[in-house]
Amino acid sequence: MTKLFVSLLMVLLLAATTWAADPMMARIRALEPLIGTFPPNIRPAEAKATKKRYEGLKSELDTRIAAHPQDLESLYMRGYLQGMGHNFDYPGAWQGATDDLQAVLRANPGHIAAMTALATLWVNSNPALAPEAEKLFRNAQCRQGREPVEEAQRGLFFAFYYQGKMREALRQSEYLLQTWPDNEQYRRYNETIRAVLLRAEDYQAPPPGKVDMAACDK
């Protein structure tokens, strides 16, 4: 192993450690209870302060990226943040998130977190984008291998649902329950899709059994 290779490896390891320890992502995730879902969970009295926090984080990331345009992790974090901004209709947030996350994926097609963030943004904002979201969720899982990526598996439920693939959505809800049995949200998904399907005259519930993980193009 050459000295140059060792030096480059140390640089990469130090960069990875810096990204993992970056407190910015923790600050972004601290906003999730408020704007991490649609509709957002913001009380009127919190709206001004929440918007200020959002704008402050985005401004910091804008400054970072202006100084270091190739910093993919900062670009990913800004895309992730703007995805949450879309939940409270912040101007330009949807397009900003899409642009940032697509830029990350052009530079690093294997960035699983960017795939799931972009797919989640798309599937939750426009049913017409559900087929593209499905591809991204599947690709994210495919990149990970046989270890389930919960964000991808959960996202596939919605991708199927919004495409009208109700039986695939049912199967996916059963996989979610099977894999994460203590998650009450997944139980509600399963109950909802069963109720939808039971209204169809030709529907017969499948027999119970193990459900395989959805992955790649299968």
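Mentor: Leucine 72, leaving aside its neighbours within four places in sequence, is in contact with Val104, Ala107 and Asn108, where contact means heavy atoms within 4.5 Å. This is a predicted model, in which local features need pLDDT of at least 70, side-chain atom pairs count only at pLDDT 80 or more, and totals for chains, interfaces and linings use all residues. Residues are numbered from 1 along each chain as its sequence is written, and side-chain values use heavy atoms, with hydrogens and water left out.

Leucine 72 belongs to helix H5; helices here are DSSP runs (H or I, at least four residues), as strands are (E, at least two), numbered from the N terminus. Between leucine 72 and leucine 101 there are 9.3 Å in space, C-alpha to C-alpha, although the two are 29 residues apart in sequence.

Now to the packing. Two packed helices are described by the angle between their axes and the distance between the axes. The axes are lines fitted to C-alpha atoms, for helices over the stretch in contact, and the angles run from 0 to 180 degrees between N-to-C directions.

H5 (residues 72-87) packs on helix H4 (residues 47-67) at an angle of about 155°, and the axes are 10 Å apart. H4 is therefore roughly antiparallel to H5 (under 35 degrees is roughly parallel, over 145 roughly antiparallel, 65 to 115 roughly perpendicular and the rest oblique). The crossing of H4 past H5 is left-handed, a term for a near helix turned anticlockwise from the far one by less than a right angle, with right-handed for clockwise. From H4, the residues Tyr54, Leu57, Lys58, Leu61, Asp62, Arg64 and Ile65 meet Ser74, Leu75, Met77, Arg78, Leu81, Gln82 and Gly85 of H5. By class, this contact of H4 with H5 has 7 nonpolar, 3 polar and 4 charged residues; Ala, Val, Leu, Ile, Met, Phe, Trp, Tyr, Cys and Pro count as nonpolar, Asp, Glu, Lys and Arg as charged, and the others, Gly among them, as polar.

Aspartate 89 sits in the loop between H5 and helix H6 (93-107), and its phi is near 60°, a positive value in a residue other than glycine. Most residues other than glycine have a negative phi, and most peptide bonds are trans.

Next come H6 and H7, which pack at an angle of about 150° with axes 9 Å apart. H6 is therefore roughly antiparallel to H7, and H6 passes H7 in a left-handed crossing. Among the H6 residues that meet H7 are Trp94, Leu101 and Val104, while the H7 side includes Leu118, Leu121 and Trp122. The contact of H6 with H7 divides into 11 nonpolar, 3 polar and no charged residues.

H5 and H7 also take part in the largest pocket: each supplies at least two residues of its lining, as do H1, H2, H3, H9 and H11. A pocket is an open set of points on a 1 Å grid over the protein atoms alone, where a 1.4 Å probe fits, with protein on both sides within 12 Å along at least five of seven lines; lining residues have an atom within 4 Å of a point. The largest pocket holds about 1,100 Å³ of space. It has 37 lining residues, with Gly36, Tyr80, Thr120, Asn124 and Arg154 nearest its centre. By class, the lining has 19 nonpolar, 12 polar and 6 charged residues.

Notes:
Grid points are joined across faces, edges and corners, and a volume is the space filled by probe spheres set on the points.
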